[in-house]
Amino acid sequence: MESFKKVIKTIFDGIGTVVPILSFLAIFITFTASIIARYIFNTSIRWSYEISVLGYIWCMFFGVGKAMEDDSHVVFSLVYDMLSPLWQFICKVVYNAFLMILLIIVFVPCCKALQNSSMVTSVLKIPYSVAFAPFIYMLAEIIVRSGINICKAYKEFKAGPVEKAEEGGAEA
């Protein structure tokens, strides 16, 4: 079972790292090509904006799970840091449970809407079902990661408070 978990984690880590890197690289290359075309060749590349937007969307949809895992997403912790460990635990569980329940509710309707969409992008004519397919991946990954975060919060709470090392290293 542990080896299965390790393989799944490796796959998700790879997807959450490699796809955003490649998406951002596509954005950068397209943006650079667009600038060169406009200012050197005095022409515009019609599809550059569409590629940039889709690259950004893919970068965000595939990268959000990694941000949740690393706990590196934007948080407002001013009040949270002042709470007792019990209330911090309650906040983590309520937040992740609410997020998980909400996304479970919208998962099937989003899948159906994407599957039934006949729309295409304006320039490249990419079907929305392909262009926005990573949204379904993102929903599923956030649902799973929210469940994992609830389990982590429970383990951390049961283990008791851990002293955090002071910034700048240990003192003598």
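Reader: At what angle do the axes of helix 1 and helix 2 cross?

Author: The axes of helix 1 (residues 2-39) and helix 2 (residues 48-70) cross at roughly 155° and come within 8 Å. Helices here are DSSP runs (H or I, at least four residues), numbered from the N terminus, and axes are lines fitted to C-alpha atoms over the stretch in contact, with angles running from 0 to 180 degrees between N-to-C directions. This is a predicted model, in which local features need pLDDT of at least 70 and side-chain atom pairs count only at pLDDT 80 or more, while totals for chains, interfaces and linings use all residues. Residues are numbered from 1 along each chain as its sequence is written, and side-chain values use heavy atoms, with hydrogens and water left out.

Reader: And how are helix 1 and helix 2 oriented to each other, roughly parallel or roughly antiparallel?

Author: Helix 1 and helix 2 are roughly antiparallel, a term for angles over 145 degrees.

Reader: What kinds of residues make up that contact?

Author: The contact of helix 1 with helix 2 divides into ten nonpolar, nine polar and four charged residues. Nonpolar covers Ala, Val, Leu, Ile, Met, Phe, Trp, Tyr, Cys and Pro, charged covers Asp, Glu, Lys and Arg, and the others, Gly among them, count as polar.

Reader: Is threonine 30 buried or exposed?

Author: Threonine 30, which lies in helix 1, is buried, with a relative accessible area of 6%; buried means under 20%, exposed over 50% and partly exposed in between, using a 1.4 Å probe and protein chains only.

Reader: Which residues is threonine 30 in contact with?

Author: Leaving aside neighbours within four places in sequence, threonine 30 is in contact (heavy atoms within 4.5 Å) with Trp47, Ser48, Ile51 and Ser52.

Reader: New topic: how many aromatic pairs are there?

Author: A search of the whole structure finds seven aromatic pairs. Rings of Phe, Tyr and Trp (its six-membered ring) pair if their centres lie within 6.5 Å, and planes under 30 degrees apart count as stacked, over 60 as edge-to-face and the rest as tilted. One of the pairs, phenylalanine 62 with tyrosine 137, is tilted, at 4.9 Å centre to centre and 40° between the planes.

Reader: Which parts does that pair tie together?

Author: Phenylalanine 62 lies in helix 2 and tyrosine 137 in helix 5 (residues 133-159), so the pair ties together parts that are 75 residues apart in sequence. Phenylalanine 62 is buried at 10% relative accessible area, and tyrosine 137 is buried at 17%.

Note on methods:
Helix = DSSP H or I, 4+ residues; strand = E, 2+ residues; numbered from the N terminus. Parallel < 35°, antiparallel > 145°, perpendicular 65-115°, else oblique.
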